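Here's a quick tour of a protein model, written for someone just getting started with structures. Have a look at the picture first, then read on.

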Amino acid sequence: MVLLNLGLPHFDKGRLLLVTSWKMASRGVSSLIHDKAYVDGQWVSAISGKTFEVLNPSTGSVVGVVPDMNADDADVAVKKAYQAFQSWKETTAKERSDILRRFYDLSCQHKDELAKLITEENGKPLSAAKGEVAYGNGFIEWNAEEAKRVYGDIIPSSVSSNRILLLKQPVGVCGMITPWNFPHAMITRKACAALAAGCTVVLKPAEDTPLSALALCELAEKAGCPKGVINVVTSCRENAAQIGKVLCEHPLVKKISFTGSTYVGKILLQQSASTVKKVSLELGGNAPFIVFDSADVDAAVTGTMLCKFRCSGQTCVCANRIMVQEGVYDEYVKRLADRMKQELVVGDGFTDGINQGPLINERAVQKVERLVKDATSKGAQIVLGGKRHDKGGNFYESTLLKNISTEMTCTQEEIFGPVASVMKFKTEEEAIEIANATSVGLAAYFYSQDLTQVFRVMEKLEVGMCGVNEGILSTVQAPWGGVKESGMGREGSKYGIDDYTEIKYVCIGGLQ
Ligand code: SIN
């Protein structure tokens, strides 16, 4: 089995763990579990005193209870982050790098507990959660190194008595809103770039997965991160919008970074306009996954398994529109069906041997049901799956649909579930036209053994990231982000830290 552990250097097999209450001591995560939010270096309740429950999406049991904060709490956190910024921005790059390096070491030491926490609150298989922790820790390490490489510039002036200097300075307090599908890695990818640049952070994690965010605060504190430099405000779904609004409109916040839907991204962008903030948005995709007649079909099927079924299909870069040229269509569908039957095992994330966890919540299952119903009502054929799993709850069957056409809603919206939907095309031009006929442009993938075709297609696809004969793009070294309505800005790589700096141009005159 190739599978689905993703992006990852190493991963162990999942371990059967049956405890489903939130007493996690027996799973070895108790030390990192928190029932308070983290503001100004303190573990705090919501000002209102309210709390909400975090549920395990596999069992429905309560895995934690955290503060249900609102706009007032967010305002306090922003003010504390602003105070902390006054001294954090004065630290040397080496000091920040050393703290991030210790944070990395601690996150590596605690990797198993962090992974179990992810499986508890997100539901993904423990092996995939371990993979995510390795991936996420990679961003801590990377930014510990990048902190020391934020170079300015000296530009030759056309006036002989002048010198032009460029300084790169931290933007200030950064508001961050992170998703539930990678509760660890999406935080480290954003927050560690900000900290490395000398910014401070107020972060609102997804309501489904706040525990991983709080665990990271504990480790950052132990690593020596001063109070107020990183702050996490937790809230239920209903309060998320008011916290987002505070972060976007607060005059003390200078930058917003958000990963999530295009719909919410547009609201945050509008709100951020009132104070002309810098904004980074990693929004929805609708990834085409194109298999040309010239492809190695086995490699394309392997790529599909990885790209489609990672995190049970719940990533922004999962193959959404699988497009297969007519010469290899039947062979591809047959081989994909065989591999899915042999390799995909649905179940609780702690059960040994499973590689497909539940969807995050009931809403997510309903969405997948709606898309499959719409597709079949318009002529799609179910090859495998097609309904809720017998396990009940948030489990959905690994599904393969063929005879997909562009009128079906599953080609227009992100499926965000374990449904591979395959359409047939005739020519390269047609494939590119269909691939680009969408308002978003995050990732695309294609399989071809024809070198001239590889260059033609890669240059024409309207996306920020492109996998050629490769189904997984995630890595700390490469810039992550989209074009069109998939967002703006890049995360990771040597470019990621730029989003957290401002260039100041200094002209020194009179140097006779
Ligand atoms: C995402 O779904 O946005 C993130 C996926 C990744 O970083 O691999």
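What follows is a short briefing on a few spots in this structure, sorted by topic. Keep in mind that you're looking at a predicted model.

- Start with helix α2 (residues 93–109) and helix α3 (residues 111–122): their axes come within 4 Å and cross at roughly 70°.
- That angle makes α2 roughly perpendicular to α3, because anything from 65 to 115 degrees counts that way.
- On the α2 side, the residues that meet α3 are Ser 107, Cys 108 and Gln 109, and their partners in α3 are Lys 111, Glu 113 and Leu 114.

**The nonpolar cores**

- The largest nonpolar core has 75 residues, and the members touching the most others are Ile 290, Tyr 332 and Leu 400.
- Take Ile 290 as an example: setting aside residues up to four places away in sequence, its contacts include Met 323, Phe 425, Tyr 447 and Leu 461.
- There's also a second, separate core of 55 residues, with Val 171, Leu 216, Val 229 and Tyr 500 among its members.

- Cys 217 isn't in one, and the nearest cysteine sulfur, which belongs to Cys 225, sits 8.8 Å away.
- That distance doesn't qualify, because a disulfide needs the two sulfur atoms within 2.5 Å.
- Cys 217 is buried, with a relative accessible area of 1%.
- Cys 225 counts as buried too, at 7% relative accessibility.

- Asp 40 is in the loop between β1 (37–39) and β2 (42–44), and its phi is near 55°, a positive value in a residue other than glycine.
- At 13% relative accessibility, Asp 40 is buried, because the cut-off for that is under 20%.
- Ser 312 belongs to the loop between α9 (297–309) and β13 (321–325), and it has a positive phi of about 55° even though it's not a glycine.
- With a relative accessible area of 4%, Ser 312 is buried.
- Thr 409 lies in the loop between β15 (399–402) and β16 (419–425), and at 15% relative accessibility it counts as buried.
- Which residues does Thr 409 contact, leaving aside its neighbours within four places in sequence? They are Arg 370, Leu 371, Asp 374 and Lys 378.

Technical notes. Residues numbered from 1 in each chain as written. Predicted model: local features only at pLDDT ≥ 70, side-chain atom pairs only at ≥ 80, totals over all residues. Heavy atoms only, no water. Axes fitted to C-alpha atoms, helices over the stretch in contact; angles between N-to-C directions. Helix = DSSP H or I, 4+ residues; strand = E, 2+ residues; numbered from the N terminus. Parallel < 35°, antiparallel > 145°, perpendicular 65-115°, else oblique. Contact = heavy atoms within 4.5 Å. Core = buried A, V, L, I, M, F, W, Y, C linked by side-chain atoms within 4.5 Å. Buried < 20%, exposed > 50% of the residue type's maximum accessible area, 1.4 Å probe, protein only.
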